[in-house]
Number of protein chains: 2
Amino acid sequence: MNNAYRTYFKNHRDTHLKEMKELLSIPSISALSANKPDIKRAAEWLVDALQAAGLENVKMMPTEGNPIVYADWLHADSDITALVYGHYDVQPVDPLELWQTPPFEPDIRDEKIYARGATDDKGQVFMHIKAVEALLKTEGKLPVNIKFCIEGEEEVGSPTLEPFVEQHKDLLAADVLVISDTPMLEKGKPAICYGLRGLCAMQIDVKAATGDLHSGIYGGGVANPLHALAAILASMHDETGKVAIEGFYDKVQPLTNEERQAFQDLHYDEEALKKELNVGELYGEAGYSFLERTWSRPTLEINGMYGGFQGEGIKTVLPSEAHAKLSCRLVADQDPQEIQDIIEKHIQEHTPPGVQVNITRMDTGRPFQIPYNHPFIQAAMRAYEKAYEATPVLTRMGGSIPIVEGFGRLLNVPVILMGFGLPGENFHAPNEHFHLENFDKGLLTICEYLKELAQTK
Amino acid sequence: MNNAYRTYFKNHRDTHLKEMKELLSIPSISALSANKPDIKRAAEWLVDALQAAGLENVKMMPTEGNPIVYADWLHADSDITALVYGHYDVQPVDPLELWQTPPFEPDIRDEKIYARGATDDKGQVFMHIKAVEALLKTEGKLPVNIKFCIEGEEEVGSPTLEPFVEQHKDLLAADVLVISDTPMLEKGKPAICYGLRGLCAMQIDVKAATGDLHSGIYGGGVANPLHALAAILASMHDETGKVAIEGFYDKVQPLTNEERQAFQDLHYDEEALKKELNVGELYGEAGYSFLERTWSRPTLEINGMYGGFQGEGIKTVLPSEAHAKLSCRLVADQDPQEIQDIIEKHIQEHTPPGVQVNITRMDTGRPFQIPYNHPFIQAAMRAYEKAYEATPVLTRMGGSIPIVEGFGRLLNVPVILMGFGLPGENFHAPNEHFHLENFDKGLLTICEYLKELAQTK
């Protein structure tokens with residue numbers, strides 16, 4: 001292959017890196033109100049960059065929170081429209097003293113660019129803009145129609161994105177949603193993530209007597225909320241590591257043999273993981289490998305548990321309260337509300353006498369899954385193969401990005417997660433960086449993908 | 001009855017109260033090093049008072065901590081010797097602002113004397129001195145031989161008492177040990193406590209991975225120490241409230257029918273307790289009443305449990321550690337070390353895969369029990385009956401006073417717990433006080449008891 005855009009990227013590499021450094025030097029931290037002006041600056045920078053790239057209808061659209069940057073180019077011969085989502089806000093930077101170079105003074109060393117936002121997600125947003133620019137400058141047009149939707153509140157939970165999407169369904173209408181915000185499997189091994197776990201969280205508060213009691217005078221005669229809580233929590237798993245709540249697995253899509261084989265072919269190193277975590281053995285639902293457990297099986301995890309005396313030594317108290325926080329990771333087609341319903345029922349049925357239990361429902365997010373043989377996934381596979389000269393792998397992820405599922409559902413489009421970051425690039429941590437190898441190959445992958453999309457359907 | 005000492009008490013009541021106020025005005029707080037001089041002053045005050053009462057060999061004996069005050073009078077016709085134990089140190093006084101009158105400015109109102117130490121235990125120590133004084137002044141002798149051993153570290157766990165007793169077994173040798181530091185059942189209902197529960201405490205620390213993990217990336221694939229801890233703790237009780245640890249009840253002395261009847265005859269108001277504690281039902285080992293459970297049955301109580309996230313909302317963390325503190329209340333003839341052994345074994349056998357458990361043994365104290373038909377108990381019953389003109393009740397207590405058992409065991413003597421305080425007199429709390437009715441009747445009870453003891457054997 002020797003397409004003109006390849007030459008364009010080579011010739012403009014220095015300019016592109018200089019521009020990327022400009023974007024990365026804006027401290028667009030969404031969690032800190034002091035950085036509001038920087039948020040605006042970053043959005044303005046993107047508006048300018050999108051316009052310079054040749055996109056049309058470029059605008060900063062207000063929301064109740066930070067503005068969303070929109071742009072499009074809708075003159076393709078193909079009637080396929082790809083919507084690119086990304087975010088221009090970044091995580092806070094503390095502890096600052098652990099950064100080798102300041103987080104907002106981008107620095108290139110060893111062919112990596114170091115800065116907050118380098119991989120998550122300003123660097124990858126920048127690549128999509130430059131890929132479109134290269135195609136427009138060298139070919140005068142794009143293979144498919146393109147829309148950009150770049151938000152500024154992803155790192156604080158995207159509170160205004162869903163209402164925005166609801167309100168602008170026509171403007172954002174597309175055939176496919178492309179997001180570059182998930183990691184590759186490892187260096188040289190691009191990955192397309194076709195599943196993310198969902199989430200539902202709850203708090204359990206157990207109460208007995210009005211106040212803490214002397215364990216000598218009352219102990220054995222009044223219910224101890226810590227005992228009740230331990231019994232409730234212990235009842236939620238059986239001894240094989242399975243969740244023991246009735247109906248919990250009812251809607252879970254079982255892994256296909258093909259998927260299990262594909263996971264196995266990744267040769268995930270469980271021994272190395274044991275060493276890294278310093279555990280004698282991995283533990284989870286019986287009958288599944290580590291990847292199968294964390295990518296494709298739902299969990300119920302106690303995230304916190306507390307009550308009574310926590311100081312040094314002993315205090316012979318019979319506490320009046322006990323608390324636990326728990327969250328489930330869900331897989332398709334589990335519904336977070338339904339899971340909360342059955343957990344609540346289970347807790348009520350397993351509450352011992354003498355205590356009152358209060359249950360608070362917290363965050364929810366649906367699981368995301370797209371068939372791994374979807375034509376747009378297959379198109380992405382071919383694009384990676386051309387750019388990386390390596391076969392990409394199909395992966396799932398144990399984490400949750402609720403917006404992925406929500407965005408796809410609201411617009412009724414398949415979501416393609418094609419990220420270019422590497423797992424060790426310290427997103428959300430000091431010394432965040434991005435490998436320039438994946439910057440270069442990622443630009444090509446995006447161009448190839450737009451071309452492949454035009455051939456699909 | 002119209003004994004001379006009765007008249008003596010009447011005639012000297014004002015002097016006695018004035019003297020008691022003097023003793024109570026010394027802030028002999030053993031927990032605060034700033035009060036060391038006051039500790040010494042209180043001990044000196046007792047030395048003077050014992051001498052003035054007519055006791056002999058009065059001395060302040062050094063220990064590694066606070067001095068112990070000793071005195072005796074060994075010229076009785078009877079060959080029985082009673083050893084009186086008490087303590088001259090007191091609890092701290094904060095929160096000071098909740099005291100209606102300053103804790104070390106004793107104030108009499110409504111026939112109660114308000115001061116720190118009024119009931120626990122300086123007031124009651126004072127009574128024993130004055131009872132002996134009255135007998136010596138009016139009768140010229142005591143019915144039995146008497147020894148006093150008054151320590152200054154009871155409120156900080158009596159760290160030097162056992163070594164002191166070991167070292168001075170001959171000096172302290174006696175036929176009966178009398179302690180006035182437990183409450184009466186209620187106003188007008190004197191009680192003799194013939195059993196105290198013992199204690200053993202432990203900490204359980206559960207560890208899995210070296211650090212906290214992301215519950216999305218690792219959840220379901222790595223053991224969660226909170227799950228393991230909940231399972232371990234839940235396994236310690238069965239669903240009827242019984243401790244489910246093998247061998248836990250093996251050495252427990254069952255209640256006799258006579259004891260159960262005696263407890264029932266107290267007509268303890270469980271309904272009132274439910275209201276007071278604001279619980280819908282009382283809960284504990286099946287087949288026992290509240291008094292039976294707390295007075296005569298052992299318990300295993302989780303005093304604290306903690307691990308993971310405790311803040312507001314949810315944090316989807318898979319914690320690396322979980323902790324619990326537990327303590328058992330033990331009854332005769334359970335051995336604290338043996339109980340710790342079987343709990344440790346139980347924990348090891350019930351630890352799920354993937355975690356490491358560390359167990360730390362903490363405080364222990366043996367249960368105390370004396371046969372309720374012991375002749376020295378019967379003598380006390382008669383003494384109370386004469387002084388109070390009411391039948392005293394035989395009780396046990398759910399709390400632990402390890403020194404009672406230790407003292408009795410080291411000297412190989414029966415311990416008679418005849419306290420004159422009332423349950424609501426705020427020992428260890430602001431506005432500690434002591435009812436003068438029980439001061440008056442207690443003085444008589446002690447005199448009667450010494451006389452009854454002389455008739456025994």
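Guide: Let's start with the disulfides, meaning pairs of cysteine sulfur atoms within 2.5 Å: in this predicted model, the count over all chains is 0. Take A:Cys149, which is in no disulfide: the nearest cysteine sulfur belongs to A:Cys193, and that's 20 Å away. A:Cys149 is also buried, because its relative accessibility is 0% (buried means under 20% relative accessible area, exposed over 50%, partly exposed in between, with a 1.4 Å probe and protein chains only).

Now for a strand (a DSSP run of E, at least two residues, numbered from the N terminus). Strands pair if DSSP finds at least two bridges between them. S8(B) pairs with S16(B), residues 393-397, in the parallel sense over 4 bridges, and there B:Ile192 stands opposite B:Leu394. S8(B) also runs antiparallel to S15(B), residues 368-369, joined by 2 bridges; here B:Gly195 has B:Gln369 as its bridge partner.

Some housekeeping: residues count from 1 along each chain as its sequence is written, while chains are lettered from A and ligands numbered from 1 in the order written. Local features need pLDDT of at least 70, side-chain atom pairs count only at pLDDT 80 or more, and totals for chains, interfaces and linings use all residues, with side-chain values using heavy atoms and leaving out hydrogens and water.
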